[in-house]
Amino acid sequence: MKKWNLVIDVALCENCNNCALATKDEHIGNDFPGYAAPQPRHGHHWIEIKRRIRGSDPMVDVAYLPTTCNHCDAAPCIVAARDETIRKRSDGIVIIDPLKAKGRRDLVHSCPYGAIWWNEELQLPQKWIFEVHLLDQGWRQPRGVQACPTGAMRSFHLDDEAMQAMALREGLETLHPEWRTKPRVYYRNLHRYAKCFIGGSVTVVREGVPDCLAGAKAVLRAGDKPIAEAATDVFGDFKFDALAADGTSYLVEVSHPEFGAAQQAVELRDQSIYLGEIRLGGNRELFLGGMK
Ligand code: SF4
């Protein structure tokens, strides 16, 4: 049996908000009986884009994370509803019944992802319905997917086995798998939002002037083991990404056959770390920049 899934590539989301606007365009002022009552003009974000800035000047990046109802296969909201007020369709879509849910403000707090919004005027809990009212009419994708200009958001109608194989093959992740809700919304490059990096900029002095050093080798060690290796780019920059901010202690080693080596211990707590300028050569085999 084929079911709907959403795959979001965090590295491709540009925060244009087209997905969120297309969803609002579909639902604000429009009633779809059996699927969803109209979304209010203000206050609801059935697709909500979160932002995270990592690093420090000049090594800074920003990631955008579109979030919405995950259409969980083990949905806490369905358990909390206790009846057919919220149900899972055989195609994987979770629907809050717009008639039965009237007055059920308690359901807003049943979603651990914060994906359910309260419509004060209609006294209804509401959320994104995957535009399943359109899919039932033969549409091939929800409005938000259709509106995404970068291909960051894509929908897939696959049986569970095929979806799991894709997730494994492409390294897709879900939000908070430890909650065991079995989301049907998957993310590619989730580390851009959820994990940290350690980076630095390697320089040497040439003819009395500091210069970026391309092609230096940077090695990241955890304990005695090298766990990642990178070469500096034309700006002398290197970056080790997708590191958990869990207090792990690392050693960063930078070396170049012509200019020598330097190293520094780093503890990654809750934020990405830019080590600053690392000067190789001469007597300055020390990191010059501070940790941020
Ligand atoms: Fe229910 Fe929240 Fe899961 Fe959506 S994300 S199915 S609202 S628990």
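**Entry 1. Domain separation**

I looked up the distance between the centres of domain 1 and domain 2 and found 38 Å, taken over C-alpha atoms. The assignment puts domain 1 at 3–193 and domain 2 at 196–279; such bounds come from an automatic or database domain assignment. I note that this is a predicted model, in which local features need pLDDT of at least 70 and side-chain atom pairs count only at pLDDT 80 or more, while totals for chains, interfaces and linings use all residues. Residues are numbered from 1 along each chain as its sequence is written, and side-chain values use heavy atoms, with hydrogens and water left out.

**Entry 2. Polar links and elements at the contact**

Between domain 1 and domain 2 I counted two salt bridges, each a side-chain nitrogen of Lys or Arg within 4 Å of a carboxyl oxygen of Asp or Glu. Two residue pairs are in polar contact between the domains, both at pLDDT 80 or more. A polar contact is a pair of N or O atoms within 3.5 Å; within protein, one must be able to donate a hydrogen and the other to accept it, and residues adjacent in sequence count only if both atoms are side-chain atoms.

Helices (H or I, at least four residues) and strands (E, at least two) are DSSP runs, numbered from the N terminus.

**Entry 3. Salt bridges**

A search of the whole structure gave me 18 salt bridges. I looked up three of them.

The side chains of Asp241 and Arg54 meet at 2.9 Å, N to O. Asp241 lies in strand S14 (residues 237–243) and Arg54 in strand S2, so the pair ties together parts that are 187 residues apart in sequence. Buried means under 20% relative accessible area, exposed over 50%, and partly exposed in between (1.4 Å probe, protein chains only).

Asp73 and Lys88 also meet at 2.9 Å, N to O. Asp73 sits in the loop between S3 and helix H2 (76–81) and Lys88 in strand S4 (residues 86–88), so this pair ties together parts that are 15 residues apart in sequence. Asp73 is partly exposed at 34% relative accessibility, and Lys88 is partly exposed at 28%.

Glu277 and Arg279 form another salt bridge, at 2.9 Å, N to O. Glu277 is partly exposed at 27%; Arg279 is buried at 8%. I also traced one network, in which salt bridges that share partners join Lys3, Asp73, Lys88, Asp160 and Arg184.

**Entry 4. Leu65**

I picked Leu65, which lies in strand S3 and is buried, with a relative accessible area of 4%. Leaving aside neighbours within four places in sequence, Leu65 is in contact with Val10, Glu48, Ile49, Lys50, Leu175, Tyr187, Leu190 and Tyr193. Gly92 is 27 residues from Leu65 along the chain, and 22 Å separate their C-alpha atoms.

**Entry 5. Helix H1**

Seven of the 10 residues of helix H1 (residues 18–27) are buried, so H1 is largely enclosed by the rest of the structure. I listed the buried ones as Cys19, Ala20, Ala22, Thr23, Lys24, Glu26 and His27. What do they pack against? I found S2, helix H3 (132–135), helix H4 (143–147) and strand S8 (153–159). Just after H1, Gly29 takes a positive phi of about 80 degrees.

Note on methods: Contact means heavy atoms within 4.5 Å.
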